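Hello,

Here is the structure we talked about handing over. My notes follow below it.

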Amino acid sequence: MEVVITKKDNETVARLIGRLDTPASAGVAKDLEPLIEAASGVVVLDCSEMAYISSSGLRIFLTVRKAAAEKGGKVIVRHISNEIRSVFMMTGFLNLFEIQ
Amino acid sequence: MKHSLKTLTDLKQIRKSAGLGLLIVIVAAATLEATALVQYYFSQKGIREEASMRAESQMEATRNQIMDVVNQTEAAVRNSIWIAQWALSVPDSLHRVAQRIVEDNPVVMGSTVALVPGYSPRHKLFSPYVFKKEGELVFRSLATEDYDYPSQEWFTKPIELDAGYWSEPYIDVGGGEVLMTTYSVPVKDRSGRTAAVLTADISLDWLTDLVGNVKVYPTAYSMMISRDGHIMVCPDSSLVMQATVGELVSQMEDTATFGELTRTMLSGASGSMAVDYGGKTSIVYFSPVERTGWSMSIVIPEEEIYSGIRRIGRMVFLLQILGLAMLALILWFLARSQIRYRELNERKDRVVRELQIASGIQMSMVPKIFPPFPERSDLDMSATIVPAKEVGGDLYDFYIRDEKLFFCIGDVSGKGVPASLVMAVTRTMFRTVSAHEDSPRRIVTQMNDSMSDMNESSMFVTFFCGVLDLTTAHLCYCNAGHNPPMLLTDEIRKLPVEANLPLGVMQGMVFIEQEIDLNRDDAIFLYTDGLTEAENAEKEQFGEERVVEVLHGRKSSEEHLKNISRQVRLFVGDAPQSDDLTMLFIHYLGADSSAIQVPAVSEHRIVLHNEVSQISQLEGFIEAVAKDRELDLSQTLNLNLALEEAVTNVVLYAYPQGTTGEVDVLARVGVDWIEFVVTDSGKPFDPTAAPAADTTASVSDRRIGGLGIHLVRTIMDSVHYERRGNKNILTMTKNF
């Protein structure tokens, strides 16, 4: 799993490339620490290239979301595939994130 | 009480037997007596006939001798008649005729030719008499005044009868006091006138000897009486010619019989008659002597006749008594042995009956109802016990307490009743001790101590005791000298056991406990050496190799035991069962094995270590599974997600930190379903028991955990956890 973070204005975009499974989640959690720091602004999780997510990945998403909620920021999940959308649905995450 | 009852029945028996014996003796005695009587009667008849024959033949012989003399005398006299006729004209020559008769005939003692008075003109009376005296011939005339021969019987009778006449016997006074008789015949001259009487005297001395010596029986005697009833010969010589039978008869008590007897005798008849005389019965045989008018008789006392047969009769009677006594004795012995035999039989029957009861009791001591735990799906058990005799020394037992299967098998040294008693004690002790002990070692140790304590007959028991934890499949066991059970896993091998000493050998023995983890579907086969040591006619033993051989193949425990029994019977053939044969088959099926597995089309398996990185391999694994089912991406990813969540749970939480463990993942692909079985040997953990995640909670309320199992539950159609043995098994199914 590869994470590419870019900053533009108030917006921090993290591109998640590959499978966010349990083995990958530890690394991703570390990679996304900058997003937690930037949670007061707008955080974008670009899932256009994310093929798979397991509960460990969802937990990282939730961690970011919780940080944003504390700091008054905003989390946007962008370009999720139908498959991941269904996982979000199953877990009630659709209600927690702004999906674009 | 029981003893007196027994004696009473015995008494009855003896009385019954004695009665029967008495009856037999009486019947035998009656038969013998009847036979003896019939025989006696016929013998008596025969003996009487024989006596009569003997008497008659004796009399016949005697009479013949008498007749010889009589005939001789008569012939001598008759032959001289013509000479006498010729000499009549010359009376002086008549003495020559008499002389010639005496000289020519030794039996004739004297002779005379007596002229009828007046016949001779010269002699009024004329009778020249010639007789023998001391070998010399003496001549004398009988024509004396005092004799008056013409009036003598010997002279008058022949003339009167005109025939030869035998005179009454008489004692010759002049001639030496001998018994004599005279035969006289009339002599006629040429004109036919009776001119003289020619006589011949004969002595009857020989008659006394002849008749007196007739001895048919020792005490029998003979008699001869004359025509007039004079006694001629009789044992009492004083009576000879002194008495007549008539006089004697008048002195008898039974005059009538004697009178008839003498009348018959004197009438010239022959025959026999029984008479009582002097308190005795005698048989009188009588027969006449022709011409002389004499009657001869032989008197035989009846007891003399029958003395032989009576002696025999007495002997027969004695023998009969002896025989009957022996018969009675034999019957008594027979009756006694019969009673004893019956008693023995009864005792035998009683023993057999008691053994049957004992057998029943013994069999009721071991569990006999199979399947023993029909409500349980994790155990399939069967056992069989076949004693070589009515009762045996083998035992097995099992029961479940606190989800633990306690089981044992044992073999008491020896066979029969003593062994069965020890068996009963052993079984009871197993139940008593195991009721509060979970450890096979402690069970065996306590049993050993108790049994050594009371083991005076020094019988010991080889014993194997096991405790199988049905939830963990953990088996603890302790062996006490028993042969190792067979362990049936993928292969068949002996369960590794410490030998240890049998129970009851020595107190304070230390027993070593062993343990092993069973897997689902493993089985243990316990048996006594009656199986391996079953011998055929060739003294060949069934042996362990055959046991291993017949244990192959997947069968229910009952089928296994039936099969083994059949194989042993086939092997042994007609040879008698030498030892008790006991078998116990425990098939551990694992928990919830009742669920019938639907056959899968394909199966995939992967075994991972408890490292997070290993989870990545699931992607490829799922792709292979998806290929079988041609699943779309969404379905594949969902399955991947569910499986990953399940596996992650194990990898992260099942094994203590720092230890390695495995996760076994089995994917079974069916026609329209896929099943994942995730198995680990970690600590018991039921993920399905975790609280459900609240998917509706707000961001701040939302908890970090609980998502995994939530996803598994949401994606899969059924999720089931079970702890089987030391394993956690999570089964998840997705239907399409």
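In which helix of chain B is the place of B:Ala76? B:Ala76 sits in helix H1, residues 2–79. Helices (H or I, at least four residues) and strands (E, at least two) are DSSP runs, numbered from the N terminus.

This is a predicted model: local features need pLDDT of at least 70, side-chain atom pairs count only at pLDDT 80 or more, and totals for chains, interfaces and linings use all residues. Residues are numbered from 1 along each chain as its sequence is written, while chains are lettered from A and ligands numbered from 1 in the order in which they are written.

B:Ala76 counts as buried because 22 C-beta neighbours lie inside 10 Å. The cut-offs: buried is 20 or more other C-beta atoms within 10 Å, exposed is 12 or fewer, partly exposed is in between, with C-beta atoms placed from the backbone. Beyond four places in sequence, contacts of B:Ala76 include B:Ile101 and B:Ala200. Contact means C-beta atoms, placed from the backbone, within 7 Å.

Chain B overall: 17 helices and 27 strands. Of its 736 residues, 35% count as buried.

Now the sheet. Chain B has an open sheet of 5 strands, order E9-E8-E12-E11-E10, with antiparallel pairing. Strands pair if DSSP finds at least two bridges between them. The edge strands are E9 (231–233) and E10 (271–277) of chain B. E11 (residues 280–289) and E12 (residues 294–301) of chain B pair in the antiparallel sense over 8 bridges. There, B:Phe286 stands opposite B:Ser297 in E12(B).

Best wishes

Key
Two residues are in contact if their C-beta atoms, placed from the backbone, lie within 7 Å.
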